[in-house]
Amino acid sequence: MLKAKIIATGSYLPEKRLTNFDFEKMIDTSDDWITERTGIKERRIAEDGQSTSDLAYEASKNALRQAGLEADDLDLIIVATVTGDMIFPATACLLQNLLSAKKAAAFDINAVCSGFVYGLSVANSFIRAGTYKRILLVGAEIYSRIIDWEDRTTCILFGDGAGAVILEATDGDSGIVSTRLCSDGSLWEILTLPGGGSKYPPSEETIRKRLHFLKMNGKEIFKAAVKALQTLVDDTLKENNLKPSQLSVLILHQANLRIIQAAAARLGLPMDKVVVNIDKYGNTSAASVPIALDEVVRAGKVKEGDYILLEAFGGGLTWASALIKW
Ligand code: UT7
C-alpha cells in the first residue's frame, strides 16, 4: 500500500539571537526564572525585512537541496503557520512564487503549534489516495511580530524559525505509519490572537485593547497539554502494537522543557532519545517539530528502520501525533 516517506528535511533560523539576559534589560524578569520555568536560554528573531514566506523559502531550499530535487518536481506545497505574511493569500502561494514551483498546488494549514503534525497527516492522506506524489510541507512562524512585548508571561516564550520536509510516495516498508489528530474547540480562549479577523476587525479600539497580540493562559495550557499528550502517546503506541522502548527518537513540540521531561519520564525514555532544542530557539510553534526533526536527521541520529514519534499541541486546542518508520 502507498504511504508517504520523508525523503529530505531542511530548516532555517534567523541569525539574530535574543537571550534571557537581553530580556532582563527590557522587562521585569530574570534568566533564572525563564530557565527554571521553561528551559529557554535564547531565541531567534527575524530581521525587520523578513516575513514568514522568506523563512519558509530558506528551509525549503535546504530540503530541496538535500533531496536533489528542483521546485518543479513538487506537486503540492503546504505551509503550517499562524503568522503568515498576510491574512491572504496563503503563505504557501507566496512560497510557491519564491520557489517558482510552477506545477504545484498550494495552501496553508492553521492548527497553531500542531500545524506541522496536522500537515503530515494531510500530506500522508493525499499520497495514500494517489492524488499527489511529492509534497513540500513547511512549518514557519514569526511570533516576534504577534507577541505583546510588554507581557512578561508570554513574550519570553516564543521565537522565529522554519522547518521543511519533502514527502514522497513509496510502497516500501518505511514511511508514515500512522497519524492522530485531536481538537477541543471548547478551550479556544486559553490561547488566541483575537484581533484582525471578522470577529474583531482592526479598529482603534482593538489596538487600544491590545487584541492584535497573542493571549495565553499558560497554566491552563500546561495542564491540558500534559493530559492530552498522555492519552495521545498511549493511544498511538497501542494502535501500532509498540512499546515505548521501541522508539528511537521522541520529538515533542518545544513549548516547555518541563512538559518534555514529564512525557519522557512517563514513557521511561532516557533523555538521549528525546530531542530538546528549546534552550536555543524557544517555542517556534508550527516550526518547532520540523526544526527538531531536521536537527536529528542532520546529526545522523536516525537510521533506517528506526521508529520516531512526533507530537505537538497548541491553540484550538489542537494536539496530534505522527509515528514514522525511518
Ligand atoms: O505552544 C503553545 C502552547 N503553550 C504552552 O505550552 C505553554 C504552557 N505553559 C507554560 O509553559 C507555563 O505555564 C509558563 C512557562 C507560561 C508559566 O510557567 P508557570 O510555572 O505556570 O508560572 P505561572 O504562570 O504560575 O507564574 C508564576 C509566577 C507569577 O507570579 P506570582 O503570581 O506567583 O507572584 C507570575 O506573575 O511567575 C510570574 N511570572 C514571571 N516572573 C518572571 C510570569 N512570567 C514571568 C517572567 N519573569 N517572564
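Visitor: Which residues come nearest the ligand?
Guide: Thr29, Arg152, Lys219, Asn256 and Asn283 come nearest, out of 22 residues around the ligand. Keep in mind that this is a predicted model.

Visitor: Why does the ligand lie between the two domains?
Guide: Because domain 1 (3-172) and domain 2 (177-325) both give residues to the shell around the ligand.

Visitor: What about Arg37?
Guide: A polar atom in the Arg37 side chain lies 2.9 Å from an oxygen atom of the ligand.

Visitor: And Trp33?
Guide: There the distance is 3.2 Å, from an N or O atom of the Trp33 side chain to a ligand oxygen.

Visitor: How much of the ligand's accessible area does the protein cover?
Guide: The protein covers 75% of it. On its own, the ligand has 950 Å² of accessible area.

Visitor: Which pocket is the ligand's space?
Guide: The ligand takes up the second largest pocket.

Visitor: Changing topic: backbone. Is the peptide bond from Phe88 to Pro89 cis or trans?
Guide: That bond is cis, and omega is near 5 degrees.

Visitor: Where is Pro89 placed?
Guide: Pro89 is in the loop between strand S4 (76-80) and helix H4 (91-99).

Visitor: What about the bond from Gly316 to Leu317?
Guide: The Gly316 to Leu317 bond is cis as well, with omega near -15 degrees. Leu317 lies in the loop that runs between strand S12 (307-314) and strand S13 (318-325).

Visitor: Now phi. Is the value for Val112 positive or negative?
Guide: Positive: phi of Val112 is near 50 degrees, and the residue is not a glycine. Most residues other than glycine have a negative phi.

Visitor: Where does Val112 sit?
Guide: In the loop between strand S5 (105-109) and helix H5 (115-128).

Technical notes: Residues are numbered from 1 along each chain as its sequence is written. This is a predicted model: local features need pLDDT of at least 70, side-chain atom pairs count only at pLDDT 80 or more; totals for chains, interfaces and linings use all residues. Side-chain values use heavy atoms; hydrogens and water are left out. A residue is near a molecule or strand if one of its heavy atoms lies within 4 Å of it. A polar contact is a pair of N or O atoms within 3.5 Å; within protein, one must be able to donate a hydrogen and the other to accept it, and residues adjacent in sequence count only if both atoms are side-chain atoms. Accessible areas come from the Shrake-Rupley method with a 1.4 Å probe; for residues, only the protein chains shown count as cover. On a 1 Å grid over the protein atoms alone, a cavity is a set of points where a 1.4 Å probe fits but cannot get out, and a pocket is an open set with protein on both sides within 12 Å along at least five of seven lines; lining residues have an atom within 4 Å of a point. A molecule sits in a cavity or pocket if more than half of its atoms lie within 2 Å of its grid points. Domain bounds come from an automatic or database domain assignment. Helices (H or I, at least four residues) and strands (E, at least two) are DSSP runs, numbered from the N terminus.
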